[in-house]
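This report describes a two-chain model for a reader who is new to protein structure. Please keep the sequence and the structure in view while reading.

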Amino acid sequence: MSKKPSKGGAPALDMTPMVDLAFLLVTFFMLTASFRMAEPVTVDPPSSIGQVDLPDNNILVTVDDKGRAFFGISNPTAKMAALREMSAKYKVPFTEEQIKKFSGLPSIGVDLKDLPRYIDAKEEQRKTFQPQKGIPLDTIIPNNQLKDWIALGGKNAVLVYNDAKKKVEDLNQDFKGEKPRYAIKASSKTKYIYVKDVVKNFTDLKIYQFNLITSLEGGGTVINPGPSK
Amino acid sequence: MAEIQEGGGGGHKGGKKRAKKQSTRVDMTPMVDLAFLLLTFFVLTATFSKPKSMELTFPAPPPPDQKPDEIKNGITFLLTQDDRIFYYEGQFRAADDDKGKKTSLSELNFSQESLHKYLLEKNKTMHDQIRALDDKHKKNLLPDTTFKRLVKQAKSDKESYTFLIKTDDQATYKNVIDVIDELNINVVGKYVMVDIMKPELDMVKEKLGTQ
């Protein structure tokens, strides 16, 4: 209809709404993004209808399908305190710098005596770090480091929580933090006896309540049929 | 590159001409490119759902000198290799005695017709009760607290079954979670993880060996 002769150049298009939207989305994703360092192992948890969110304040033991245990605490302050106490208990010296660096690491799965080397290693080297055998939890040779990690980690996480709570309540404000919870994450293929060993460490410490991490299942009433025989 | 041409008009000696229309136009292309780049990055790295979890309480080990309580109406699941489940009802008996016959194991699997159906049957009264409460609750006929109390009450029914879950050394974590999940779906009131006993393990082995 238009009698304007089309010129050779591209037609002018008002991009403003698109650009507005793009920036809006960028802002949204930037603000909601939470950065995490890669976990030392990827485990694929089984699915369940469990709807409870994993608490932010947690003490997490990961068990991979070979039965190796990995330990992590979400709260950096508690993590540093736990390492200090572990270092004193097992007489493995750590520098202040190493302790600080440790607080930023995700779960660890090395013997305490290899830990200084692990902390000093570069990010890429950690993936292939050799003695990543999982945290020892032998009960035959008494070298149950996992139990100590859980005990000290749990103790410090509670201390940090109580401190924070007290500080806020002294100012007559409502405290919104969560109590630390114990979580276990295991791969679908992990043999249950490995998980049982880990659970035993918890129950020995009189900790009976856990959050078992699972992925969300779609339907709700359907479970995966096992391999047909 | 970026065409900020503020000086464009300033070069003229005649001050009146400096407000030319195109002089304020800035090329936004690089900025928009960057914005989309960032957008793509954040979209791809975003993790929306926090991991979900299932709350579970393990039993405290009984004091060593105390004999474990006899469980009335117990159903024991024995999980083993290849996603197989054996089960028996009532007390375990290694041989016939005056109270009943020797325990024999039956088998279930994780399909919808097997375990789900079995649990639904065993737990029918409680299941119906809780479903009825849930319906009422959804229609806003019951307040939250009353609903929770009634569900708790229904779940602690003395006559209902207690489910015991035991595993041998071949069962996977997925099997355990699937069974617990299925128990949760069927709103079972009482279930517990227990260590397997030697005679039970032998019976499972025997069963696996004969097939």
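## Where two helices cross

Helix α1(A) passes α2(B) in a left-handed crossing, a term used if the near helix is turned anticlockwise from the far one by less than a right angle, whereas clockwise gives a right-handed one. The model is a predicted one, in which local features need pLDDT of at least 70 and side-chain atom pairs count only at pLDDT 80 or more, while totals for chains, interfaces and linings use all residues. Residues are numbered from 1 along each chain as its sequence is written, and chains are lettered from A and ligands numbered from 1 in the order in which they are written.

Helices (H or I, at least four residues) and strands (E, at least two) are DSSP runs, numbered from the N terminus. The axes of α1(A), residues 16-32, and α2(B) come within 9 Å and cross at roughly 40 degrees. Such axes are lines fitted to C-alpha atoms, for helices over the stretch in contact, and angles run from 0 to 180 degrees between N-to-C directions. The two helices α1(A) and α2(B) are therefore oblique to each other; angles under 35 degrees count as roughly parallel, over 145 as roughly antiparallel, 65 to 115 as roughly perpendicular and the rest as oblique.

Residues of α1(A), including Phe23(A) and Phe29(A), meet residues of α2(B), including Phe36(B) and Phe42(B). The residues of this contact between α1(A) and α2(B) divide into 14 nonpolar, no polar and no charged. Here Ala, Val, Leu, Ile, Met, Phe, Trp, Tyr, Cys and Pro count as nonpolar, Asp, Glu, Lys and Arg as charged, and the others, Gly among them, as polar.

## The wider interface

In total, 42 residues of chain B are in contact with 45 residues of chain A, contact being defined by C-beta atoms, placed from the backbone, that lie within 7 Å. On the side of chain B that touches chain A, the elements giving two or more residues are α2 (29-45), β1 (52-57) and α6 (173-185). Of these, α6(B) gives the most, with ten residues.

## Strand pairing

Strands of a sheet pair through backbone hydrogen bonds, either parallel or antiparallel. Two strands are said to pair if DSSP finds at least two bridges between them. The table lists pairings within and between the chains.

| Strands | Sense | Bridges |
|---|---|---|
| β8(A) and β1(B) | antiparallel | six |
| β3(A) and β7(A) | parallel | six |
| β7(A) and β8(A) | parallel | two |
| β3(B) and β4(B) | antiparallel | three |

Between the chains, Ile213(A) has Ser53(B) in β1(B) as its bridge partner. Within chain A, Thr62(A) is partnered by Lys185(A) in β7(A), and Ala183(A) by Asn211(A) in β8(A).

Six of the six residues of β7(A) are buried, so this strand is largely enclosed by the rest of the structure. A residue is buried if 20 or more other C-beta atoms lie within 10 Å of its own, exposed if 12 or fewer, and partly exposed in between, with C-beta atoms placed from the backbone.

## The sheet of chain B

Chain B has an open sheet of five strands in the order β4-β3-β2-β5-β6, with mixed pairing. Its edges are β4(B) and β6(B), each with a single partner strand, so one side of each is left without a neighbour in the sheet.

Leu108(B) is found in strand β4(B). Is Leu108(B) buried or exposed? Leu108(B) is buried, with 20 other C-beta atoms within 10 Å. Among the residues that Leu108(B) touches, not counting residues up to four places away in sequence, are Ile85(B) and Tyr118(B).

Methods. Two residues are in contact if their C-beta atoms, placed from the backbone, lie within 7 Å.
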